Amino acid sequence: SSPVSWLRIGQILEAPDLGIERDKVDATVHGSSIYKRSLPGMADVMALSMTLLSDANPSTSAAQDAMRTYVIAGTTIWFRAEIPVDRTQTQFRAVEFQGYVRTFAINGGAPGDRQETEVTIEFDGDSWTWYNAASSAIS
């Protein structure tokens, strides 16, 4: 089961897309109908790709340091993404799943430019649980 507490990944510059896409299985049987039919196939969970404002200092950004550690270790862990449902950001829809960090890349940029970090999380579990709106569970 998922953990009781979560580590917040801050300084997100670009929010990720979240979703599932199903394969399309052709179920057409030739007969009197001219229409093709299809059935839902296996589900593919979209990769969770985030752009973060880089913070390479582990004392000020433990979450970014953890993502770097996880990509090296190849560890599958639990993730939770929360999407605000109101402008006051008091209620959130959340999704929880197991995955691994596939990409952790800090762009170099020119001296003085804002550095960004790209993080990609790939699904590696047997459930993708979507929750109703509630207060944040991430501290």
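Let me start with a term: a residue is buried under 20% relative accessible area, exposed over 50%, and partly exposed in between, using a 1.4 Å probe and protein chains only. By that rule, 26% of the 139 residues of this protein count as buried.

Now, what are we looking at? This is a predicted model, where local features need pLDDT of at least 70, side-chain atom pairs count only at pLDDT 80 or more, and totals for chains, interfaces and linings use all residues. Residues are numbered from 1 along each chain as its sequence is written, and side-chain values use heavy atoms, leaving out hydrogens and water.

First, the overall layout. The protein has 1 helix and 7 strands. Those are DSSP runs, numbered from the N terminus: H or I for helices, with at least four residues, and E for strands, with at least two. Starting at the N terminus, the order is β-β-β-β-α-β-β-β. The radius of gyration is 19 Å, well over the 14 Å that the globule rule gives for 139 residues, so the protein is more spread out than a compact globule. That radius is taken over C-alpha atoms, and the rule is 2.2 Å times the number of residues to the power 0.38. Along its principal axes, the C-alpha trace spans about 70 × 35 × 30 Å.

Glycine 31 sits in the loop between strand 2 (20-26) and strand 3 (38-45). It is exposed, at 62% relative accessible area. Glycine 31 and alanine 63 are 32 residues apart in sequence, and their C-alpha atoms are 58 Å apart in space.

Next, contacts and surface. A contact means heavy atoms within 4.5 Å. Take the contacts with a separation of 6 or more: 62% of them join residues 24 or more positions apart. The accessible surface is about 9400 Å², and 51% of it belongs to carbon and sulfur atoms. The areas come from the Shrake-Rupley method with a 1.4 Å probe; for residues, only the protein chains shown count as cover.

On to helix 1. Its 12 residues, 62-73, should span 16 Å at 1.5 Å a residue, and its end C-alpha atoms are 16 Å apart, which agrees. The expected span is 1.5 Å times one less than the number of residues. Which residues of helix 1 are buried? They are Ala63, Gln64, Ala66 and Met67. They cover an arc of only 155° around the axis, which puts them on the same side of helix 1. That arc is taken from the directions from the helix axis to the C-beta atoms.

What do the buried residues pack against? They pack against strand 4 (48-53), strand 5 (76-84), strand 6 (92-106) and strand 7 (116-134). After helix 1 comes glycine 74, with a positive phi near 70°.

Now salt bridges. The rule asks for a side-chain nitrogen of Lys or Arg within 4 Å of a carboxyl oxygen of Asp or Glu. The count comes to 5. One of them joins arginine 80 and glutamate 96, with the closest N and O atoms 2.4 Å apart. Arginine 80 lies in strand 5 and glutamate 96 in strand 6, so this pair ties together parts that are 16 residues apart in sequence. Both residues are buried. Arg80, Glu82 and Glu96 are linked in a network of salt bridges.

Another bridge joins arginine 102 and glutamate 122, at 2.8 Å from N to O. Arginine 102 is in strand 6 and glutamate 122 in strand 7, so the pair ties together parts that are 20 residues apart in sequence. Arginine 102 is partly exposed, at 46% relative accessibility. Glutamate 122 is buried, at 18%. Arginine 114 and glutamate 116 also meet in a salt bridge, at 2.7 Å from N to O. Arginine 114 is exposed, at 52%.

Last, backbone angles. Most residues other than glycine have a negative phi. Glutamine 11 has a positive one, near 60°. It is found in the segment before strand 1 (12-14), and it is partly exposed, at 40%. Glutamine 89 also has a positive phi, about 55°, although it is not a glycine. Look for glutamine 89 in the loop between strand 5 and strand 6.
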